[in-house]
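Hi everyone, thanks for coming. Have a look at the sequence and the structure on the screen, and I'll walk you through a few spots.

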Amino acid sequence: MNKPVAIHWFRKGLRLHDNPALLSALEKVGESHYELRPVFVLDPWFVKNARVGPNRWRFLIQSLQDLDNNLKKIGSRLFVVKGSPLDVFKKLLKEWNVKKLTFEVDIEPYAKIRDEEIKQLAEKHSVSVITKVSHTIYDLEQVYKANGNKPPLTYVKFQSVVAKFGTPEKALDAPGNLPKPCQTLLLSEDYNVPLLEDLRVDLTGLGKELFPGGESEALIRLNKYMNQQEWVCKFSKPDTSPNSIEPSTTVLSPYLKFGCLSPRLMYHRIHDVIDGRKHTSPPTSLTGQLLWREFYYTCGAYVPNFDKMEGNPICKQIPWKSDPEDKHYLAWKDGKTGYPFIDAIMTQLRTEGWIHHLARHAVACFLTRGDLWVSWELGQQVFEELLLDADWSLNAGNWMWLSASAFFHQYFRVYSPIAFGKKTDKHGDYIKKYLPVLKKFPSEYIYEPWKAPLSVQQKAGCIIGKDYPKRIVDHDIAVKENLAKMKQAYQGHKEEGPENETAKRKKAPSKDTSPKITKFLKKK
């Protein structure tokens, strides 16, 4: 009879540190002579049909390779098994004599269905199942219950709820030496991490590797920023630059998304730095960024149809254009709108898989209520494909916010595709990096190349309408038309869904008056 097996199923949570489900798989392994087998299931259907670009596939494969290497250092390995999770576990539970299965809680709708199927299968085979919360700092079910069995629908409300829980528990250490799987399986190539080429993913859009995947890189990056004490204490997200040549933020979001980095570890590392020192506070601080993540995760877990407009009780029902063949949408997606700031951001997104938070604001506003009147759901799909850190809850929540469909309702605050970028990059160095066709344009025309005289265009070697697109809309005209549509949509029904934080304040005037944003939201 085969030795009884405990499987830890990696999905997200691709790390050894602060992995309570993995540690649960190890409990009594020695006493019961259990054998631990860490498993990752690679579903061929997902490989073929998921909306995932080549940059994120590379990040995932690198993360799996790093996890495999780290497991080997402590005596084990990663078993990558191909097939649908249900089919894989039907086979493994029987063939491997599995007695225990552990995995991390996942709140995404498809994952809840998948995990319930696996739990039912395990019960039929008398396999004990242990699940642990570790992809978020807080147990979202506890947050939900503490808020009267409903999700807190504003950031301030969320803060007040989690404040009752006190300081989050410390992150757990990675396990030491692991019990070795049987020698045959330990050496078997059948369970190796596949190469990127093996997945038959279209690699034509694969960009330069800037952010290698994996726990090892995540911890290096975390240490790099936590060693900058003054920077951490003074960090304020709105003051960072959306168009700096090098990222002005940590770029830890992809590592949090794949679970290469524990949010709990990051939380405590930040607080170790700021403790006893003057520092910024949520929502703009580094801790505040982690809490935004927790807030959107909670909403995503408990708001029906959170990633859709229809059937979503907190989302404004706005008559957007929703044709995936719409020429304006395709121009935005391909970085060919004729607005260099927007096109540079979309080019960076496609080639590198990451763009700054405020750059996401700019292109999302441009696509929806600002200029093109295209549905946020189509924008959400593009981000889902191209972002390294594409995260279901955050992606949906931020797109609803930026389109003023939920959470944020001052729809008249529109990011200018011209003035916003000038605030932090007057000479357009960012544009010249990602749109080299414009690199010889004088600074005075780099954000509005259509205004350049033909002689200037000829000297720059770039004729607008030939070498670089004409602008697809006139921002000044489009924004006025869209503001009228938004006003009509808002007046079409009474406020529903979440309590609106902005409504609690003095009613905002019809023109932008915020000293921080007026000067770059409005076109100069």
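So, in which helix is Glu-95 found? Glu-95 is in helix α4, where helices are DSSP runs of H or I of at least four residues, numbered from the N terminus. Before I go on: this is a predicted model, where local features need pLDDT of at least 70, side-chain atom pairs count only at pLDDT 80 or more, and totals for chains, interfaces and linings use all residues. Residues are numbered from 1 along each chain as its sequence is written, and side-chain values use heavy atoms, with hydrogens and water left out.

Back to Glu-95: it is partly exposed, at 46% relative accessible area (buried is under 20%, exposed over 50%, partly exposed in between, with a 1.4 Å probe and protein chains only). From Glu-95 to Tyr-430 is 335 residues in sequence and 56 Å in space, C-alpha to C-alpha.

Now, the neighbour of α4. The axes of α4 (residues 85-95) and α5 (residues 109-124) come within 10 Å and cross at roughly 20°; axes are lines fitted to C-alpha atoms over the stretch in contact, with angles from 0 to 180 degrees between N-to-C directions. So α4 is roughly parallel to α5, as angles under 35 degrees count that way. The contact (heavy atoms within 4.5 Å) includes Phe-89 of α4 and Leu-121 of α5.

Last, cysteines. Cys-299 is buried, at 0% relative accessibility.

Technical notes. Helix = DSSP H or I, 4+ residues; strand = E, 2+ residues; numbered from the N terminus. Parallel < 35°, antiparallel > 145°, perpendicular 65-115°, else oblique.
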